[in-house]
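Dear colleague,

I am handing over the structure we spoke about, and below it you will find my notes on what was found. Please read them with the structure open beside you.

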Amino acid sequence: MPLTPRRRASIAAAIGLGIAAATLGATPATATAPTPASAPAATSSYAAYSGSSEEAAANKAFFKAVMKSVAEKRAANPGALAVTVTYNASSAPRFRSQIAASTQIWNSSVTNVRLQEGSNADFRYYEGNDSRGSYASTDGHGRGYIFLDYRQNQQYNSTRVTAHETGHVLGLPDHYSGPCSELMSGGGPGTSCQNAQPNSQERARVNQLWQNGLTQALFAK
């Protein structure tokens, strides 16, 4: 959930979604978890990454990676009206409740795609410390991952962070200039924003992308 430059002093995220900070509590300064090895190297400032071409490219690559993984698994059933995207949350134990809440939010908001925890995951959640905050990216091997930053999730509504980042899994880009009612506005509206629900336009876009199983998603720009 990269934040806008004016808010970098608080804490920014690279491809924003949200995780509920209320369940995190204070994180010890020594608490660390390695960022996935293939994640882009941390930048010197939040502003340098937030809204950058690198971030936009990471969003697009992440969506394509998930599409590739899902397409391979669903090739035997091309006529499916709804697609199941599987995730693994074992590497983000502190955020299990936020991930569950984000999953429920999206599954109740759209009909053409369903998120489900399970084996042979299409993407994974990780947790730890990163100067860019939370973000979504790829592992370089046809799969994607969401990284949830400890500090950012103490500053912002953590479920919003997780739901926002999960929105990238479903194909939505960042739109930091949007209002709090827009989930993909990420950290743009500030730390007071508590909304973790996608608006009607975001829901419609996800349903459009995943219409008729994988047909539309595979060719989405």
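This is a predicted model: local features need pLDDT of at least 70, side-chain atom pairs count only at pLDDT 80 or more; totals for chains, interfaces and linings use all residues.

Residues are numbered from 1 along each chain as its sequence is written, and side-chain values use heavy atoms, with hydrogens and water left out.

β1 also pairs with strand β2 (residues 113-117), to which five bridges join it in a parallel arrangement, and here V83 stands opposite V113 in β2. Between these strands the chain passes through α3, and the resulting β-α-β crossover is right-handed, a term that applies if, with the strands pointing away from the viewer, the path from the first strand over the helix to the second runs clockwise. On β3 there is a further pairing, with β5, which is parallel and extends over six bridges; within it, Y125 stands opposite I146 in β5.

F147 also lies in strand β5 (residues 144-149), and at 0% relative accessibility F147 counts as buried, where buried means under 20% relative accessible area, exposed over 50% and partly exposed in between (1.4 Å probe, protein chains only). Although F147 and E127 are 20 residues apart in sequence, they are 5.5 Å apart in space, C-alpha to C-alpha.

Turning to the aromatic residues, the structure holds seven aromatic pairs, counting rings of Phe, Tyr and Trp (its six-membered ring) whose centres lie within 6.5 Å, with planes under 30 degrees apart taken as stacked, over 60 as edge-to-face and the rest as tilted. The rings of Y87 and F123 have their centres 6.0 Å apart and their planes at 40°, so this pair is tilted. Y87 belongs to strand β1 (residues 83-91) and F123 to strand β3 (residues 123-128), and the pair thus links distant parts of the chain, 36 residues apart. Both Y87 and F123 are buried.

F95 and Y150 form a stacked pair, with 6.1 Å from centre to centre and 20° between the planes. Since F95 lies in the loop between β1 and α3 (96-109) and Y150 in helix α4 (residues 150-155), the pair ties together parts that are 55 residues apart in sequence. F95 is buried at 0% relative accessibility, and Y150 is buried as well, with a relative accessible area of 3%. Y150 has a charged neighbour, as R94 lies over the face of its ring at 4.5 Å from the ring centre; a charge sits over a ring if NZ of Lys or CZ of Arg is within 6 Å of the ring centre and within 35 degrees of the ring normal.

Y126, Y135, Y145 and F147 form one aromatic cluster. The charged end of R132 sits over the ring of Y135, one of its members, at 4.3 Å from the ring centre.

The count of disulfides (pairs of cysteine sulfur atoms within 2.5 Å) comes to one, and this disulfide joins C180 to C193 with an S to S distance of 2.0 Å. The torsion about the S-S bond of C180 and C193 is about 85°, so the disulfide is right-handed. C180 and C193 both lie in the loop between α5 (158-169) and α6 (200-209), 13 residues apart. C180 counts as partly exposed at 26% relative accessibility, whereas C193 is buried, with a relative accessible area of 4%.

The loop between α5 and α6 also holds P189, which is partly exposed, with a relative accessible area of 27%. Not counting residues up to four places away in sequence, P189 touches R160, G178, P179 and C180, contact meaning heavy atoms within 4.5 Å. P189 and Y176 are 13 residues apart in sequence and 7.8 Å apart in space, C-alpha to C-alpha.

Methods. Helices (H or I, at least four residues) and strands (E, at least two) are DSSP runs, numbered from the N terminus. Two strands pair if DSSP finds at least two bridges between them.
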